[in-house]
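Hi,

Here is the structure I promised to pass on.

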Amino acid sequence: MNIAFVTGASAGFGTAICRQLITDGYKVIGAARRQDKLSCLAAELGSNFLPIQLDITQKDAVNNVLLTLPIGFKDIDILINNAGLALGMEPAYEANYDDWDTMVHTNIIGLIHLTRIILPTMVARNTGYIINIGSTAGNYPYRGGNVYGATKAFVKQFSANLRTDLFGKKIRVTNIEPGLCGGTEFSNVRFHGDVAQAKAVYDNVDAISAQDIANTISWLVNSPAHFNVNAIEIMPTAQVPAGLAVSKNMQ
Ligand SMILES: NC(=O)c1ccc[n+]([C@@H]2O[C@H](COP(=O)([O-])OP(=O)(O)OC[C@H]3O[C@@H](n4cnc5c(N)ncnc54)[C@H](OP(=O)(O)O)[C@@H]3O)[C@@H](O)[C@H]2O)c1
């Protein structure tokens, strides 16, 4: 039975991905910081799901993550680097620097560190699949997207460079680039718990759902081993890249 390691399993995309992969017949290791959420998911998903408490920004914890896995969950076939966050939407000249620091440490450093720990085990077995969750924010600028978008642009280029380093090996890499997706904690986190501001993002919009992302991942991991989707950009029909803007009568 194939084994998937999913970060950010305690909410949003990650929870939907864990549920879908268990349904598809995979063993799933679900990692996140909140043990209570992971325990609920473990009770729901049964013995093919292994919850592990992991903060991907903690260097020692990531270094030791493989040692903590029990027999039966050690040979990871699929790594889904989903954990990530946006914090704030202020313009760059007003943004909170600690928010920038947290985004860089989670979306970039946590992701590359975990990849660096798990990838050699795939190379040793000459099999594997890494799926990174990027964002349309890494493809198109928007106001207030400053560092968040830049972290996702990093994830896009890192994914492409991984493909290049893995030339000749039976290891696949895909960067998924979602646009506006509702029903997750993403905007609650971004607006530091301001529920009204978070809700307003999705009012009267038919956004994509976490299950849409889980369905996409199900399709990718169940596709044949000779088939690699390098990147896949997904937006709700209601969303388009904004286009160019001109400010008139600037002072
Ligand atoms: N929702 C969207 O519109 C959207 C669009 C494009 C891309 N994305 C990307 O998709 C991914 C998932 O987003 P989502 O909407 O599902 O957000 P979410 O509901 O807020 O879930 C984020 C997950 O990441 C985990 N996480 C955050 N920091 C972590 C850390 N230091 N260590 C381990 N886990 C951590 C959280 O768990 P704990 O708090 O329990 O650690 C949570 O499980 C993110 O990378 C996000 O940037 C989202």
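Below is what turned up around the ligand and the pockets.

A word on ground rules: this is a predicted model, so local features need pLDDT of at least 70 and side-chain atom pairs count only at pLDDT 80 or more, while totals for chains, interfaces and linings use all residues. Residues are numbered from 1 along each chain as its sequence is written, and side-chain values use heavy atoms, with hydrogens and water left out.

The ligand takes up the space of the largest pocket (a molecule sits in a pocket if more than half of its atoms lie within 2 Å of the pocket's grid points). A pocket here is an open set of points on a 1 Å grid over the protein atoms alone, where a 1.4 Å probe fits, with protein on both sides within 12 Å along at least five of seven lines; lining residues have an atom within 4 Å of a point.

- Arg34, at 2.8 Å
- Tyr148, at 2.7 Å
- Thr184, also at 2.7 Å

On its own the ligand exposes 890 Å², and the protein buries 96% of that (Shrake-Rupley areas, 1.4 Å probe).

Tyr148 and Thr184 also lie nearest the centre of the largest pocket, along with Gly84, Leu85 and Phe186.

Cheers

Notes: Polar contact = N/O pair within 3.5 Å; in protein donor to acceptor, adjacent residues only side chain to side chain.
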